[in-house]
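Here are a few exercises to work through with the model open. Try each task before you read its solution.

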Amino acid sequence: MAQTAPPPGTPSPPTGPRPEDNPWATGGIMFAGVLLMVDGVLGAIKGIAGIASDDVYTRINNYVFKFNVTTWGWIHLILGIVIAIVGWGILRGFGWARGVGVGLAALNMIANFMWLPYQPIWAVVSLAIDTFVIWALCTGRLKPVV
């Protein structure tokens, strides 16, 4: 069967690259997923270190958010495991992972801000990672990359 041309006046479909094919957007989301997985694993390691030994982190006197180091360890361990799972979900292109990833990255930013006096360099690195993750997930298009 022969195809007929569209009637005059109807717009033709675009022929250029589609926005969802933008390598910067796809690369940013893929990198955000990988960073979430890495940040989750680092958070879990940070948590295990805090749970295993109360002496591994500096003790802070007169700090507003002063918790027992073991408590911080459990917070970071649980948050780290969940963040790593969400990072995997982002790489798989699951629809739920984008919003959850933004929310967990924001929650992780708050936890690491409160963690600053205990491990300042590690906390600042995690803050930077979470900032990029939030930016990438809010600006890119979600599609499976793995």
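**Exercise 1.** Work out what share of the chain's contacts with a separation of 6 or more comes from residues 24 or more positions apart.

*Solution.* Count a contact when heavy atoms lie within 4.5 Å. Residues 24 or more positions apart then supply 73% of the contacts with a separation of 6 or more. This is a predicted model, where local features need pLDDT of at least 70 and side-chain atom pairs pLDDT 80 or more, while totals for chains, interfaces and linings use all residues. Numbering starts from 1 along each chain as its sequence is written, and side-chain values use heavy atoms, leaving out hydrogens and water.

**Exercise 2.** Check the span of helix 3 against its residue count.

*Solution.* Helices are DSSP runs (H or I, at least four residues), numbered from the N terminus. The expected span is 1.5 Å times one less than the number of residues.

**Exercise 3.** Find how helix 2 and helix 3 are oriented to each other.

*Solution.* Start with the angle between N-to-C directions, on a scale from 0 to 180 degrees, using axes fitted to C-alpha atoms over the stretch in contact. Helix 2 and helix 3 pack at about 155 degrees, axes 9 Å apart. That makes helix 2 and helix 3 roughly antiparallel (over 145 degrees). Residues making the contact include W72 and L79 of helix 2 and L104 and W115 of helix 3.

Definitions and conventions:
Helix = DSSP H or I, 4+ residues; strand = E, 2+ residues; numbered from the N terminus. Parallel < 35°, antiparallel > 145°, perpendicular 65-115°, else oblique.
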